[in-house]
Amino acid sequence: MSENRIVLRKGRARPLWFGHPWVYANAVASVDGKPAAGDVVSLADHDGRFIGRGFYNPRSQIPLRLCTRADEAVDAAFIRRRIARARAARVRLGLPAGDTNVYRLCNSEGDDLPGLVVDIYADTAVAHITTLGIAQRKTEIYDALEAELGVRTIFEIAPPAYADLEGFPGGSRVARGASITSVPVVENGIRLEVEPLSGQKTGMFIDQRETRARVGGLARGARVLDCYAYAGGFGLAAARGGAAAVTAVDSSARAVARIEAHAAANAATITAVEADAFRYLETATPRSFDLVVVDPPKFARARKDLEAARKGYERLNALAMQAVVPGGILVTCSCSQNVDAETFERIVAAGAKQAGREVRIFEHRGPAADHMLPPGFSEGQYLKVLLCYVA
Ligand code: SAH
């Protein structure tokens, strides 16, 4: 009985030996045996040396995603160990904390469960599923979440785009426990109401948690503008940090309503404006804010969008800089994986030139610590945040 196995082409094993978790279709020399989509198969280099095991899906451009480097079975006990290890890592990072009960428990490849993100909101969990291998093991995953964390409700989100690509049913639902629609949480002492099944991502942009706290620390006495505010995260952090005034802009009416509710729940004063951020910045009084945050959605969805995205980011940054007083701060973000860190810096430089302002970067940031990844896995790196002093 020989095991189903993928053998790599000569010269293609190096990144995988060094911790990269993905096998691209063009790196595969042969598929030994008859694995079915979703099965666990082993991976060998061209000389037949065992590298690890992972989830197989011949429909994908990434037919194998590794979940272990050890010669071990990938079964219910394995999943339980992975969830326990993910939890231990978060505990080591201080999560949850006294004033924060929302965090990422499992970050897909970063926790050796490729295709599974689990975000914790108080005593509930949201499982975000993007691969067939994970979709086929939901029962084991939910059992492990209940056993390791004692969560009360498990929400499940399987975005149709991934589900169609990988070949499993998409959709969102309460998978286990009480059928609730919203969960009260606290982040850095700020009270928020999360709606996992009707919000974006898993309900919150947890990746910006540490940067929201940082902005809070820079906000004392400042007139703050939070563009692309969603539920108001940056603006609320600024208000808590002692901002003199906070304006939050989002094009979604739903977002504006949530910002207003969150401001009330935290006894904060925030002017929430329903507007396109570009339009708002074009008509804003120049040099009237001490601290401006721009955290837009992905401009570059695919490589072909890159040029349009570059122009969009450049214009947005120029407009945002114009709104900053001389001697103020711009916090600028990009969550486009296709725009790398170096490109984003060049875009900010071009924006400064367009705005006729001088900027100095004083801090480079990325996602919060609970979004850990294997080294060299650039496919998983998406969020870049630059803190700039605008002269
Ligand atoms: N800063 C937020 C996350 C922002 S997500 C946080 O810390 O939680 C991006 C937000 O941009 C979404 O709420 C979306 O409604 C909003 N958005 C998308 N296009 C927009 C536009 N053209 N103008 C203003 N807001 C926009």
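Colleague: What hand is the crossing in which H10 passes H11?
Modeller: Bear in mind this is a predicted model, where local features need pLDDT of at least 70, side-chain atom pairs count only at pLDDT 80 or more, and totals for chains, interfaces and linings use all residues. Residues are numbered from 1 along each chain as its sequence is written, and side-chain values use heavy atoms, with hydrogens and water left out. If the near helix is turned clockwise from the far one by less than a right angle, the crossing is right-handed, and if anticlockwise, left-handed. For H10 passing H11, that gives right-handed.

Colleague: And how are H10 and H11 set to each other?
Modeller: The axes (lines fitted to C-alpha atoms over the stretch in contact, angles from 0 to 180 degrees between N-to-C directions) of H10, residues 306-323, and H11, residues 341-355, come within 8 Å and cross at roughly 50 degrees. Under 35 degrees is roughly parallel, over 145 roughly antiparallel, 65 to 115 roughly perpendicular, and the rest oblique. H10 and H11 are therefore oblique.

Colleague: Arg53 has a salt bridge with Asp71. Is Arg53 buried or exposed?
Modeller: That salt bridge (side-chain nitrogen of Lys or Arg within 4 Å of a carboxyl oxygen of Asp or Glu) is 2.8 Å, N to O. Buried means under 20% relative accessible area, exposed over 50%, partly exposed in between (1.4 Å probe, protein chains only). Asp71 is exposed at 64%, whereas Arg53, at 10%, is buried.

Colleague: Which residues are linked with Glu307 in a network of salt bridges?
Modeller: The whole structure has 33 salt bridges. In this network, Glu307 is linked with Arg310, Lys311 and Glu314.

Notes:
Helix = DSSP H or I, 4+ residues; strand = E, 2+ residues; numbered from the N terminus.
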